[in-house]
2 protein chains.
Amino acid sequence: MSQLHTIGEAAADSGVSAKMIRHYEKIGLIGAAERTEAGYRLYGPAEIHTLRFIRRARNLGFSVDDIGELLGLWHDEKRASKDVREVAAGHLGALRAKAAEILSMIDALEHLIAGCTNDNRPDCPILKDLSNDANPALAKEVGHKFGYQRVC
Amino acid sequence: MSQLHTIGEAAADSGVSAKMIRHYEKIGLIGAAERTEAGYRLYGPAEIHTLRFIRRARNLGFSVDDIGELLGLWHDEKRASKDVREVAAGHLGALRAKAAEILSMIDALEHLIAGCTNDNRPDCPILKDLSNDANPALAKEVGHKFGYQRVC
DNA sequence: CTTGACCTTCCCATGATGGGAAGCCCTATC
DNA sequence: GATAGGGCTTCCCATCATGGGAAGGTCAAG
């Protein structure tokens, strides 16, 4: 009848689990939901819209803190688009840093694996690299010099 | 005199924090250290070598579980190099998946930011995208169709 | 009226790491 | 010898987003 939904329906409609909806309420990301007399939470279209917003932002990797800011800007008619851009750009920078870190791990690991004989012999350049005191595999504090042993 | 070091020295020598050395001992990644009569942990060259091994593997992004396996293979003279390769390859696959995920977030976010006027007007395509029910920003469950609005 | 599916709250776990408190130990200095 | 400091010990808590599960209340269909 009414457009009010229980938490399970809101979860299915928004893609945010019921568990997380309650969690977002507890940490104050979203306001406390209306309740039935029995204490069941109720969600209207606006709340579900907000939940979808949150899910999309999470899909883009925004932290809950960032999303709180984005929600504030979303509801602020006088917001400046550059304020939103700033949040997004900050997150983009973090994503790029993370990607660079992972890509350099991938690069290092590919080199190590390429040197592996992949057979039953015990000789293994991967372990050699990891145990070699002279060779700081991807050591962050040394910078990336990439002096990989190609033992086998 | 002896080549035994306290946990602080071992930490400085290995690049693993004292906190984490104790943690690794507690979870069984490394054996319990010798102790002085006063209860201070003592580390010899072999232990510090192991700690360096652990740090290098962590720098490559291996999980502590993976490192436990690698340590076992490292100490196993009869290991097959393909066993090591398998652990490394599994981790490499996980890294590649993570990288792909982050890169697709970066891609999506770059598109959104590129559409932003970056001024004081309230119109903002980033928020529009996040709030648009018809546009599942980077929605994992829909696959990546990338139908970004270029509103401003 | 029972059954099963839903809801509630509360606690615990993840993984790797750090912060901090309370208290013991050791060494150097006065 | 007493004291100051820095390092060591253990223990608990926090992060961050998420889920599992228990114990118990609610509701609709049979």
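Modeller: In this predicted model, B:E110 forms a salt bridge with A:R96, and the closest N and O atoms of the pair are 2.4 Å apart. A salt bridge here is a side-chain nitrogen of Lys or Arg within 4 Å of a carboxyl oxygen of Asp or Glu. A:E110 likewise forms a salt bridge with B:R96, again with closest N and O atoms 2.4 Å apart. A:E110 lies in helix α5 (residues 81-114) of chain A and B:R96 in helix α5 of chain B, so this pair joins two chains. Between chain B and chain A the count is two salt bridges, while over all chains the count comes to ten.

Some conventions apply throughout. Residues are numbered from 1 along each chain as its sequence is written, with chains lettered from A and ligands numbered from 1 in the order in which they are written. Local features need pLDDT of at least 70 and side-chain atom pairs count only at pLDDT 80 or more, whereas totals for chains, interfaces and linings use all residues; side-chain values use heavy atoms, with hydrogens and water left out.

Across the interface of chain B and chain A, six residue pairs are in polar contact, both residues at pLDDT 80 or more. A polar contact is a pair of N or O atoms within 3.5 Å; within protein, one must be able to donate a hydrogen and the other to accept it, and residues adjacent in sequence count only if both atoms are side-chain atoms. On the side of chain B that touches chain A, at least two residues each come from α3 (45-59), α4 (64-74), α5 (81-114) and α6 (125-131) of chain B. Helices are DSSP runs (H or I, at least four residues), numbered from the N terminus. The element that gives the most to this side is α5(B), with 21 residues. By class, the residues of this side divide into 32 nonpolar, eleven polar and 18 charged. Ala, Val, Leu, Ile, Met, Phe, Trp, Tyr, Cys and Pro count as nonpolar, Asp, Glu, Lys and Arg as charged, and the others, Gly among them, as polar.

In extent, the contact (heavy atoms within 4.5 Å) takes 61 residues from chain B and 61 residues from chain A. The area buried between the two chains is about 5200 Å², and carbon and sulfur atoms give 66% of it. Buried area is the accessible area (1.4 Å probe) that two parts lose on being put together, summed over both. In chain B, the residues that lose the most area to chain A are B:R56, B:L60 and B:L130, together 14% of what that side buries.

The arrangement of the two chains can be stated through superposition, by least squares on the C-alpha atoms of residues with pLDDT of at least 70 in both copies. A rotation of 180° with 0.0 Å of shift along its axis superposes chain B on chain A, with an RMSD of 0.1 Å. That is the relation of a two-fold axis. In chain B, the C-alpha nearest the axis belongs to B:A99 and lies 3.0 Å from it. The same surface serves both copies, as 100% of the contact residues of chain B recur in chain A.

Sugar and phosphate account for 71% of the atoms of DNA strand C that come within 4 Å of the protein. A base oxygen of DNA strand C lies 3.4 Å from a polar side-chain atom of A:Y40. The elements giving two or more residues to the surface near DNA strand C are α1 (7-14) and α2 (18-26) of chain A together with α2 (18-26) of chain B. Of these, α2(B) gives the most, with four residues.

Around DNA strand D there are 19 residues, and A:K19, A:Y24, A:V64, B:R22 and B:Y40 come nearest. A polar side-chain atom of A:Y40 lies 2.8 Å from a base nitrogen of DNA strand D. Phosphate oxygens of DNA strand D lie 2.8 Å from a polar backbone atom of B:G8 and 3.0 Å from a polar side-chain atom of B:R35. The largest share of the surface near DNA strand D, four residues, comes from α2(A).

Note on methods:
A residue is near a molecule or strand if one of its heavy atoms lies within 4 Å of it.
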